Amino acid sequence: KGASRYFVVALVETTQPEVLREALRRLRARLNLPKSFEFRYHDTRMPWAREAFFTLFRSLDVRVRAAVVDKARLPSAAEAWNEREMYQYTIGAMISYSSPEELSKAVLVIDGERAKQEFIRALRVYLSRLSGKLRRERIFKNIALKEARREDGLQFADMVAGALAERVEYGRSAYADMMDKKTVMLLRLP
């Protein structure tokens with residue numbers, strides 16, 4: 001509440017996270033940005049940096065699974081939801097529309113600046129119950145908590161989520177089109 005009308009969760013999937021880290025390290029150097037520069041969509045306002053980021057993104061071997069929640073269309077019972085319940089609803093929907101094989105070996109990395117260990121425990125319980133309901137042995141291999149400023153994969157997810165939010169809110173985004181071929185799932189919820 002009090003934020004954007006839309007809640008966006010983006011999963012950037014890769015089997016080689018070290019390639020993402022190295023690619024961003026090289027991009028920062030090429031753009032003369034500090035080694036500690038954090039790519040965050042709403043803070044990275046320089047068009048040249050965004051353009052370079054999404055050009056790089058388009059060249060990488062990644063897949064995007066995302067969901068956009070229109071908070072204004074949620075049932076009135078959802079008005080009392082906290083951040084944890086929004087994540088559970090959104091991630092649960094993405095899982096429900098994914099085949100069991102797609103995510104069973106994946107490691108879900110969540111930004112530690114927005115999530116606490118209690119949040120992770122509650123998410124694990126939720127996913128365990130969802131796993132039983134969907135009759136799946138396992139949904140994620142592991143769930144890890146990391147800080148985006150230290151984990152480049154999370155910076156990719158933030159940039160993707162920001163471009164998708166911009167597209168939904170304004171009907172266009174100069175960068176969202178650069179992600180279309182990488183997107184394997186884009187849910188509009190509810």
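Predicted model: local features only at pLDDT ≥ 70, side-chain atom pairs only at ≥ 80, totals over all residues.

Colleague: OK. How many helices and strands does the chain have?
Modeller: Six helices and five strands. Along the sequence the pattern reads β-α-α-β-α-α-β-α-β-α-β.

Colleague: And how compact is the chain?
Modeller: Its radius of gyration is 16 Å, close to the 16 Å from the globule rule for 190 residues, so the chain is as compact as a globular protein of that length. The C-alpha atoms fill a box of roughly 50 × 35 × 30 Å along the principal axes.

Colleague: What share of the residues is buried?
Modeller: 47% of the 190 residues. Among contacts with a separation of 6 or more, 77% join residues 24 or more positions apart.

Colleague: Switching to charge. How many positive and negative side chains are there?
Modeller: 36 positive and 25 negative. The centres of the two sets lie 2 Å apart.

Colleague: Now the backbone. Which peptide bond is cis?
Modeller: The one from L189 to P190, with omega near -10°. P190 sits in the segment after β5 (183-189).

Colleague: What about phi at N32?
Modeller: Positive, near 60°, and N32 is not a glycine. Most residues other than glycine have a negative phi. N32 is in the loop between α1 (17-30) and α2 (47-59).

Colleague: Where is R135?
Modeller: In the loop between α5 (117-134) and β4 (142-146). R135 also has a positive phi, about 60°.

Colleague: Is N32 buried or exposed? And R135, buried or exposed?
Modeller: N32 counts as exposed at 69% relative accessibility. R135 is exposed too, with a relative accessible area of 78%.

How values were computed:
Residues numbered from 1 in each chain as written. Heavy atoms only, no water. Helix = DSSP H or I, 4+ residues; strand = E, 2+ residues; numbered from the N terminus. Rg over C-alpha atoms; globule rule 2.2 N^0.38 Å. Buried < 20%, exposed > 50% of the residue type's maximum accessible area, 1.4 Å probe, protein only. Contact = heavy atoms within 4.5 Å. Lys, Arg positive; Asp, Glu negative; His and termini not counted. Charge placed at Lys NZ, Arg CZ, Asp CG, Glu CD.
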